[in-house]
Amino acid sequence: MNRLTSFIVGAFLSIAVILPAKAADTYALDTAGNHYYAGFQISHLGFSIMHGRFDELAGSIEYDAANPSASKVSVTIQAGSVNTNHAKRDAHLKSPDFFNVGEFPEITFVSTSVAPGADGTAKVTGDLTIHGVTKSITLDARVMKVGIHPFNKKPIAAWSARGMIKRSDFGIKYGLPAIGDEVTLLLDIEALKK
Amino acid sequence: MNDLLANPAIQSGAIPFFTALLVAAILGFSGLQSGLRYAGLAVLAGFLVAYVVALGLPPLPPKSSGQKIAYIAILAAFSGLFFGGRLKALAVAAFGIVWIGWRKIVAEPSLDHLSIGLILAGTAIAIFASERDAEDSADKAVPLLVISFAVAGLAFMGASASIAQNAGALSAALGGLLIINWPKRRFGLNAVARLVPIMVLAALATQITLFTTAPAWVLVLLLPALFADQFLDRWQASYTALTRPVFIAFIATVPAVAALSAAWFAVSSGPSSGY
């Protein structure tokens, strides 16, 4: 390699070091503004569908708009924040009969793969850990909007995800089949770019 | 039929009672000498059948404290059959308590560590007190039945129906074995029959203390029930083989009622109830 060629290759390599390739943007769940909803639905004695939510969660999303399959999600939910708008039922849900929050205070989801679909949708597969048991589940996710917050002018993004699990798969069997086994998961979040 | 099996009173009352009664009868009346020795396993059988009906088969290895209860019951039976001796039994019981509460034990020092120590002390008292009797004595089995019933009530106040059902099943299983030994003492009221309820109660007490909202301190109030037979002897009341277990049960009920009353007033919002 002559001197001119070496100089040109070295220049390109230097530029590559100075200008690294664009990485995924990291977003943190908007816990300060509580702009999130982590809920669930379950059959109650075969009559109505009971709704509940968790009031405390935190997490982050590494979102790569150019390559969505490289995105990553990590969410931690405080199981003791379960809220079904009924104090005694909430106490029961926190007890060893169900979530057993004294022993397993956190519910976690860590993505392992993202399969993009059409129109901003994706199948997000990851490890969900409830009650000390970890199972792989797939959520149907959708990017709702990525942009600039109109008031604080900060980058913000919103996602929605839905899924279905069987609580018995996670060792939560009390009350079956009177209280349903299938649980619908709902997650709607806003996250602020770090 | 499904509705009947889903009824907690059936799951934790009738099923363990009749299972224990049937197993005790089969083993005890088999004519085999080993049958007389193993008839105490009726308590284990009644408890396990009730456990599976209410909560399903526990996974192996178990993850949560509730899933470990069935295995602790089996370990207790082995201890009663093969290990022998109070210290060995206490070691097995201590293992069960630590296995249930290890997540709290390894956490930052807190009142939970004191609670676990108190539960271990209470278990030691129960084991040492129960071994004072001769074999095939109902004198300690009857108070254990009453204590189990009280623990069920306490767990219910602590918003855990599954713990309450386990304790209730234990009480009913003991009842199934005791009824076949009343008024005539026949078989099975040996270490196996006593260690299964003692160790399961220790495990349930650990669950209640560490993982529920129940005022666990009232468990201490139940300990005097273990000495109901000695209170009866000091009382020097006249009794027969028919009435002695009844008197012991009555005396054991006094601290049980005191404990449940104290728990009731301590639970500000009242017990868990259907909703």
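Visitor: What is the average pLDDT of chain A and of chain B?

Guide: Chain A averages 89, with 89% of its residues scoring at least 70. For chain B the average is 90, and 95% of the residues reach at least 70.

Visitor: Where in chain A is confidence lowest, and where is it highest?

Guide: The general idea is that where pLDDT is low, the predicted coordinates should not be read in detail. In chain A, the lowest confidence is in helix 1 (residues 3-18), at a mean of 53, and the highest is in strand 6 (residues 82-83), at 98.

Visitor: How many helices and strands does chain B have?

Guide: Chain B has 12 helices and 0 strands. Its radius of gyration is 18 Å, close to the 19 Å that the globule rule gives for 275 residues, so chain B is as compact as a globular protein of that length. Its C-alpha atoms fill a box of roughly 50 × 45 × 40 Å along the principal axes.

Visitor: How do I describe two helices that pack together?

Guide: Two packed helices are described by the angle between their axes and the distance between the axes. Take helix 2 (residues 8-28) and helix 9 (residues 161-179) of chain B: their axes come within 7 Å and cross at roughly 30°. Angles under 35 degrees count as roughly parallel, and helix 2 and helix 9 of chain B are therefore roughly parallel to each other. Their crossing is right-handed. Among the residues that make the contact are B:Phe17 and B:Leu21 of helix 2 and B:Ala169 and B:Ala172 of helix 9. By class, this contact of helix 2 with helix 9 in chain B has 13 nonpolar, 8 polar and no charged residues.

Visitor: At what angle do helix 8 and helix 12 of chain B cross?

Guide: The axes of helix 8 (residues 141-157) and helix 12 (residues 244-266) of chain B cross at roughly 20° and come within 8 Å. Helix 8 and helix 12 of chain B are therefore roughly parallel to each other. The crossing is again right-handed. The residues that meet include B:Val146 and B:Phe149 in helix 8, and B:Ala252 and B:Trp264 in helix 12. This contact in chain B has 17 nonpolar, 2 polar and no charged residues.

Visitor: How many residues of chain A are in contact with chain B?

Guide: There are 19 residues of chain A in contact with 24 residues of chain B. On the chain A side, the largest share, 5 residues, comes from helix 2 (residues 87-94) of chain A. By class, the chain A side divides into 6 nonpolar, 8 polar and 5 charged residues.

Notes: Residues numbered from 1 in each chain as written. Chains lettered and ligands numbered in written order. Predicted model: local features only at pLDDT ≥ 70, side-chain atom pairs only at ≥ 80, totals over all residues. Axes fitted to C-alpha atoms, helices over the stretch in contact; angles between N-to-C directions. Helix = DSSP H or I, 4+ residues; strand = E, 2+ residues; numbered from the N terminus. Parallel < 35°, antiparallel > 145°, perpendicular 65-115°, else oblique. Left-handed = near helix turned anticlockwise from the far one by under 90°. Contact = placed C-beta atoms within 7 Å. Nonpolar A, V, L, I, M, F, W, Y, C, P; charged D, E, K, R; others polar. pLDDT = per-residue confidence, 0-100. Rg over C-alpha atoms; globule rule 2.2 N^0.38 Å.
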